[in-house]
Every structure is written in structure tokens, then in C-alpha cells.
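Hello,

Here is the structure for you to look over.

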Amino acid sequence: MPSTGEASKRDPAEATLGSEDPAADPALAVRGLTKRYGDTVALDEVDLAIDGGEFVAVVGPSGCGKSTLLRVLTGLEERFEGRAAVDGVDVRDGGSDAVGMVFQEPRLLAWADVRENIAVGLPADVDPDDPAARDRVDGLIETVGLDGFAESRPGELSGGMAQRVSLARGLAYEPEVLLLDEPFSALDQLTKYEQQDNLLDVWRERGATVALVTHDVEEAAYLADRVVVLGGQPGTVETVVDVEADRPRERTDEALLAARREITDALGV
Amino acid sequence: MATTRETETGDVGSALAGALPDADRFRWLLGLVVPAALVVVWHLLVATGVFAAHQLPQPLRVVETLYGMAATGELWGHIAITLQRVFFGTLLGVSVGIVLGTVTGLYGLAEDLLDPLLQSLKNIPSLAWVPLFLLWFGIGEGAKVLLIAVGAFFPVYLNLSTGIGNVSEDLIEVAEVYDLGRFESLRRVVFPAAVPSLLVGIRGGVGLAWMFVVAAELIAASQGIGFLMSDGRVLARPDIIVGSILLFAFFGNLSDLAVKEVEKRAVDW
């Protein structure tokens, strides 16, 4: 895997992976991750290290195991080979507790209103009926642009609105590591831009580590510090593209265009 | 966005209602046409002597009989005791159904142990239990309430058990990722998701409770609508028999409507 080797050269944190000191571990460390479903190999020897506070996008064709990678990191897949750790703690030993996930589908509770759905994401030690928690949820409703819909049920929302509820639920969790699985795919262009900038704001304010899976090369380049390109079936790391543009970024930045070209080339399009 | 859409559809709806003023509001009356015609045919058949009056009374005669029994107060005692039996029997059957349905829905071991037995018991016809229950519990109220409870139990048990077992895996993963914990994920995700199944079960249970009360009262009772029926046979009074059937029809429908109304309010999503 020459490409990942290249990434580790650039990334001093990964060099400390083998060290005994857990504090030196990257926020998110994946080494030699292989995941099989029966005879199908979904991920093959994937290496990935994400530093604390870093924003990484993962792109790749359908069926390359992007979603599987996120499922492993959230602790939803118990059985895999290799290592997956959050802050040095294996995801199977509670490391996944620090991970929040926004699923590809909204996955909302049909009987609960928007406020209650977002409150599901509140950390376990927060009482959802507490006024401060309520304010926090209302703030998130505003952040994702759903003012006035706090009392609506998912059945009354459009697909894009439901996706934003799901996004707000992920933000309510205030995780150290936030994973997002194509969270903007159902949004119209304008709302998508808005929500991308919201996500960047939240990322900057909270200093969270973010890994975002997307199909959208433009989105990946605009948002991420680094873009991991997965390829093929089974999924392997094809290459890692550094996005060298300064923040805050302009969508038309030359450096973004260069990064997009590089990603597109790596995807073999 | 959605607000405008809602007002638009609202406008279209009211415009339609204006164009077709009463068509939809009185539509339910159509359901009365056939029964009314049948009553007329019934009256004609008896009046013209096709059916002998000692086998099938005239409709009006049935009403007179019921009215007469109501006036003397005799009817109310029968109705009250039947309603009481159905109520307590349903209460008991539904309660036990909820407990066993929950346990088998949640725990695979409990399901493996109990479900095969309960699945085969449910196929025993209601009348088959009567002699045994009489032997065990005598001809008192206990035997009847228990027999009705057996009837009400099975639909609740079967529906709730599968309802809990079939809660969407997607939602359970959400509860897992957001670390809701066992208790909270049951309270906020699993149980609310199973409420529709529970109500379907209760509706079926109430229906069977009425079937079982007839079985109990026909065979061993000195009061109740079922007793009235068998008394009518002994006295060769078809008007009493048909009147009792109508009473069962009335109260059966009433209780079904009541549960349906609860269902509509509880499952409004």
C-alpha cells in the first residue's frame, strides 16, 4: 500500500501508533482493518490515522466499504480483523462511546417530535427535560434551520428536513469524534452549502475530530483537511489527498480545484 | 418551505370540499342501506308466512321484547354481569399477554422456552376449555373470567411478542450509537415502536373475549346475555334469542370502536 505509506510519512502522529503511551495515539486509529461479511470482503487491510481536531473526508465508489468503515468505528460491527481505536481505546472496549454518528438515512423515531428526536443524541448524563438541555436542543434546531418545526413529527418533514434533524441529533451528542455518512445527500444545493458551513462552524467551535463519508468530490475538497480515497471491491485505501487551501475557504479557491482534480484522478474517473 | 406547501394543499382541499358539498360527510350512511333492506325483507318474510313466527319473530317483536325486559329491569342485570365478565377477563388476559409478550419479545431464551407451547395452546378451541375450567373453578365467576382471559390473552401475546422482536434494527443501532443504555433504549425506542402491535393485539383480544363469554354463559350461567340466549331456546322464545344476538352485536361493536378510537389517538404518526 504505497499510498498509505505516503500518508504516514506526512503524518507524524501515525508514527507513534505503536508507542505505549495512549496520549500519543491519534484521535482515530485504524490499522490493517479487514472486515468480511460471509465470503464478501468489504474492507481489506485499511490503514487510517486521524489526528485530534482534524477533518477528514472519505470518498470512493459505491460498495467500496465507506459505510462499513464508519460502522466499525461506531462499534456497531463487533467482528473484524485488525485494530480500530479511538484515543487509544479499542472500539470494542468502549472506545466507540466517544464517537457520534450521523447515519445515511435519517433513522428518526416516527412517534417523537423533532425536539425529542434530537434529544436522543444528548449525552446519557444530561436530563432531556432540564431547561438547559432544552435550550441546547432548541439551539440545534435553529442551527440546522428547522425553526418552527420543533413540534413536528418526522412524517410531516421532507427528506432533506429529516436529514437535518438527524444531523442535529449527531451534534447534540457532542462527541470527540463525529462520523457522518453522506449527511447532505438529500439536501438541495443551497441548503447543502448552508449545512456544510454549519458543520465547519461546529467543528471549529468544538474542536471535534470529524470523518465524513461522501460521494461528492467538491464537498470533500471544500470541507476536509485530508481526503482519503477508497477504491475497488474490496475497499482499500487508494490514496490520501491533502487539501492545502487556507480556511475560511472560498468554494472557488484554486487549491480546492487542484485537490478536486487529484481526487477525481485517484477515483479513476 | 413546507409551510407553503401545506397551505397550498389546504386550499386545494377546501376548494374540493366546496365543489362537492356533502358527498364525503354522509358517505358512512351507505353502510346502513343493506342492513335496513335486510330488516325489511326479514319483516316481509315473517309477515307473509314464509317463516313461521315461532321460529323467526318479526323485527318489531324483538324490539318489543327487549323493551319490555328493559322496562321491568330484568335486562340490565344480564347486561351488567356480562359486561363485568368481559371487562375483568379482558383486563386479566391483556395484562398477562403484555407481560409474556414483552418477556418473549425481549429475550430469545424466554421465546425459545415459551413460544412453542403458547403457539400450540392458542389453537385449542374456546369450548374445549369449558369442562376443565368448570371442574377446576366451579360454576362461579372465577371460571368465566378466566376463560375470557384465555381468549383475550393470545392475540395480545402474539402481536406484542412479534412487535417487540421486529423493532427496526436501524433504530436499535441509533440507540446503541448514542449510548442510550438498555433501560432508556427500551423506554424511548423499543416500547413506543411496539405500541401499534400491542393495540392490534388488544383489538383482537377484545373480540375474542366476546366469543369466549358466549361460550362460558351458554354452558354454565344463571345470568348474563349468553344465559338469556339459552333460556330463550328452552322457553322456545326466538325473540329473546335474536334480541340477545343483537345485544352481543351492539356491545361487541361498541367495544371494538372504543379500542379503535384509542388506537387512532395513540398511533397518530
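**Aromatic contacts and domains**

Phe133(B) has a relative accessibility of 8%, so this residue counts as buried. Bear in mind that the model is predicted.

Phe133(B) and Trp136(B) both belong to helix 6 of chain B, residues 126-137. They are 3 residues apart, about one turn of the helix. Trp136(B) is exposed, at 55% relative accessible area.

Across all chains, the whole structure holds 13 aromatic pairs. Phe133(B) and Trp136(B) make a stacked pair, because their ring planes are at 25° and their centres 6.4 Å apart; planes under 30 degrees apart count as stacked. Both residues also sit in one aromatic cluster with Trp129(B) and Phe137(B).

Where does the other geometry show up? Phe250(B) and Phe251(B) pair edge-to-face. Their centres are 5.1 Å apart, with 75° between the planes. Phe250(B) is partly exposed, at 48% relative accessibility. Phe251(B) is buried, at 13%.

Chain A has charges over rings. The charged end of Lys35(A) sits over the ring of Tyr37(A), 4.9 Å from the ring centre. Arg107(A) lies over the face of Phe103(A), at 4.0 Å from the ring centre.

Last, the domains. Chain B splits into domain 1 (2-47) and domain 2 (59-266). Taken over C-alpha atoms, the centres of these two domains of chain B are 32 Å apart.

Best wishes

Key:
Residues numbered from 1 in each chain as written. Chains lettered and ligands numbered in written order. Predicted model: local features only at pLDDT ≥ 70, side-chain atom pairs only at ≥ 80, totals over all residues. Heavy atoms only, no water. Domains from an automatic or database assignment. Phe/Tyr/Trp six-rings, centres within 6.5 Å; stacked < 30°, edge-to-face > 60°. Helix = DSSP H or I, 4+ residues; strand = E, 2+ residues; numbered from the N terminus. Buried < 20%, exposed > 50% of the residue type's maximum accessible area, 1.4 Å probe, protein only. Lys NZ or Arg CZ within 6 Å of the ring centre and 35° of its normal.
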